[in-house]
Amino acid sequence: MKVLVTGANGQLGFELQATCPAHVQLIATDAHTLDITQTSQIEAAIESHRPDVIINAAAYTAVDKAETDRENAWRINATAPGLLAGVVASYCNAGQAIRLVQVSTDFVFEGQQAIPYLPDTPAKPLSVYGASKLAGEQAVQQHLPDALIVRTSWLYSSHGHNFVKTMLRLMQEKPQLSVVSDQFGTPTWARTLATTLWGCIDQQAEGIFHCSDQGAASWYDFAVAIQEEALALGMLDRAIPIKPIRTNEYPLPAQRPTFSVLDKRSTEDLLGIALPHWRVSLRQMLLQLKQETANT
């Protein structure tokens, strides 16, 4: 099976390459080798590689910057997936079977309910980022009703920029930290998402599915856990105080959902698996990061 991955230099792209099954020939592309905002480049890539599956892992993920950089966020998160789906649909109509996987986010929800969000719960994003990702989902579905859309949340990995690596740096540099304690979601190791995507592809899944690690946490809970696990692994040499604060004490340009835990039961049922708890994944990722750092 030939699988073309966009955004291969990002967190998810990195983990898709690390977990690529033996039966898959992976074609890794990034913005420099495939600009998915250009129809001609999408067509050229399909003509050149003849993929069976395309995983669109490219995204504009700077949530706060998107509030003022709306045009670029919309171009990458909404317009590009629509162009990609339109080209794929034209090839499918011409007899070449190609499946498209679009990765989306928990930020499509407004976060006002107190139970995990099902894939068919009506979306109501609060931010430009969330709105652009929802528009991307809708554009894909318009061209390819049988496309696979997988939403995830609070993604991190040993690769790239993310909350875990930022916290580790600040815990080494600062005497104390203040972290928001009234926004709840689920931290998700990008490796969990990558392995789930491979499973969904093997099952030829269609429609919307959710994938995150299990459990729920506030950003404060997440930061405390990062410090605890890093201390246990010898990645930090001291503990610092971490103070819980409310969202209004740390104002940011983009409004976040207060609660965005995703319901993953349909994904677990499809794959016959139990997704790991976020603390287990965090520990495994930190161990990996420690080993990678030791080898550099």
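R151 is buried, at a relative accessible area of 2%; buried means under 20%, exposed over 50% and partly exposed in between, with a 1.4 Å probe and protein chains only. The model is predicted, so local features need pLDDT of at least 70 and side-chain atom pairs count only at pLDDT 80 or more, while totals for chains, interfaces and linings use all residues. Residues are numbered from 1 along each chain as its sequence is written, and side-chain values use heavy atoms, with hydrogens and water left out.

**Salt bridges**

- Side chains of opposite charge can pair when their charged atoms come close.
- The count of salt bridges is 11, each being a side-chain nitrogen of Lys or Arg within 4 Å of a carboxyl oxygen of Asp or Glu.
- R151 pairs with E137, and their closest N and O atoms are 2.8 Å apart.
- E137 sits in helix α4 (residues 128-143) and R151 in strand β5 (residues 148-152), so this bridge ties together parts 14 residues apart in sequence.
- Helices (H or I, at least four residues) and strands (E, at least two) are DSSP runs, numbered from the N terminus.
- E137 is buried as well, at 2% relative accessibility.
- E15 and R191 form another salt bridge, at 2.7 Å from N to O.
- E15 belongs to helix α1 (residues 11-18) and R191 to helix α6 (residues 190-202), so the pair joins parts 176 residues apart in sequence.
- E15 is buried at 0% relative accessibility, whereas R191 is partly exposed at 24%.
- R246 bridges to D182, with the closest N and O atoms 3.8 Å apart.
- R246 lies in the loop between β12 (242-245) and α8, and D182 in the loop between β7 (177-180) and β8 (184-185); the two are 64 residues apart, so distant parts of the chain are linked.
- R246 counts as exposed, at 51% relative accessibility.
- E228, E229, R279 and R283 are joined in a network of salt bridges.

**Nonpolar cores**

- In soluble globular proteins, nonpolar side chains tend to be buried together.
- A nonpolar core is a set of buried Ala, Val, Leu, Ile, Met, Phe, Trp, Tyr and Cys residues joined through side-chain atoms within 4.5 Å.
- The largest nonpolar core has 35 residues, and V164, L168, M171, F222, L282 and L286 touch the most other members.
- Elements giving two or more residues to this core are α4, α5 (163-173), β7, α7 (219-232) and α9 (278-294).
- Helix α7 gives the most to this core, with six residues.
- M171 touches L177, A223, I226, Q227, L236, R238, I240 and I242, leaving aside residues up to four places away in sequence; contact means heavy atoms within 4.5 Å.
- A second, separate core has 23 residues, among them A194, C200, I201 and L271.

**Two single residues**

- T188 is placed in strand β9 (residues 188-189).
- T188 is buried, with a relative accessible area of 0%.
- Beyond residues up to four places away in sequence, T188 touches T152, S153, W154, L155, Y156, S212 and D213.
- R265 is found in helix α8 (residues 265-271).
- R265 is exposed, at 53% relative accessibility.
- R265 and F209 are 56 residues apart in sequence and 9.2 Å apart in space, C-alpha to C-alpha.
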